[in-house]
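Please read this report alongside the sequence and the three-dimensional view shown below. It takes up charged side-chain pairs and then the sheet.

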Amino acid sequence: MPRISKELYYLNIAREVAGRSTCLRRKYGAVIVNNDQIISTGYCGAPRDTENCVDIGVCIRKQMNVKHGEHYEWCRSVHAEQNAIIHASRLEMLNSTLYLIGIDYDTNQLLDISEPCKICKRLIINAGITKVVTLDHGKVTAMEVKNWTENNIGEIEQVNGEWVSRIQQG
């Protein structure tokens, strides 16, 4: 049996971490690695000392059929990436890689694509993480954080010398 790659090794750990998630919609796991050392892990869950969705049996976003990527302010969970960043030192995270896995709560199947939301992208940038590795339809995929900063996280662009919101454009 061939030895698995380091990317799959860390993604498999992220999948195990996702098993601790308490979100009723998606289970995410994140692992931050620097110099082949795990710096931190995180999973989705309500803030400390508050009730988790899985315990109360209600997800407001799921109940209201909110689309993926919308109304995160209604979500009780702190995202996996956020929890991993909160539990690490920025100096340890400089030039690190974040491994991210998402699992559908209802089917327990890996999501075809796991990508950080725009809020998590901002935190990843400020944490000094340089790469995010996920699975895209079963294939290991690396996202360079510098690409996010070079295109303003896809939120704004300069048109004819003026800044224009891409969000308003659809």
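Is Arg26 buried, partly exposed or exposed, and what is its relative accessible area? Arg26 is partly exposed, with a relative accessible area of 24%, where buried means under 20% relative accessible area, exposed over 50%, and partly exposed in between (1.4 Å probe, protein chains only).

This is a predicted model, in which local features need pLDDT of at least 70 and side-chain atom pairs count only at pLDDT 80 or more, whereas totals for chains, interfaces and linings use all residues. Residues are numbered from 1 along each chain as its sequence is written, and side-chain values use heavy atoms, with hydrogens and water left out.

**Salt bridges**

Side chains of opposite charge can pair when their charged atoms come close. The structure holds four salt bridges, a salt bridge being a side-chain nitrogen of Lys or Arg within 4 Å of a carboxyl oxygen of Asp or Glu. Among them are the following pairs.

| Pair | N to O |
|---|---|
| Arg26 and Asp104 | 3.4 Å |
| Lys62 and Asp106 | 3.0 Å |
| Lys121 and Glu115 | 2.7 Å |

The side chains of Arg26 and Asp104 meet in a salt bridge. Because Arg26 lies in strand S1 (residues 26–34) and Asp104 in strand S3 (residues 97–104), this pair ties together parts that are 78 residues apart in sequence; helices (H or I, at least four residues) and strands (E, at least two) are DSSP runs, numbered from the N terminus. Asp104 is buried, at a relative accessible area of 17%.

Lys62 and Asp106 also form a salt bridge through their side chains. Lys62 belongs to helix H3 (residues 60–63) and Asp106 to the loop between S3 and helix H6 (118–127), so the pair ties together parts that are 44 residues apart in sequence. Lys62 is partly exposed at 34% relative accessible area, while Asp106 is exposed at 58%.

In the pair of Lys121 and Glu115, Lys121 is buried with a relative accessible area of 10%, whereas Glu115 is partly exposed with 37%.

**The sheet**

Five strands form an open sheet in the order S2-S1-S3-S4-S5, with mixed pairing, and two strands pair if DSSP finds at least two bridges between them. Strand S2 (37–43) and strand S5 (139–144) are the edge strands, each pairing on one side only. S3 pairs with strand S4 (residues 131–136) in the parallel sense over three bridges, and Thr97 has Lys131 in S4 as its bridge partner.
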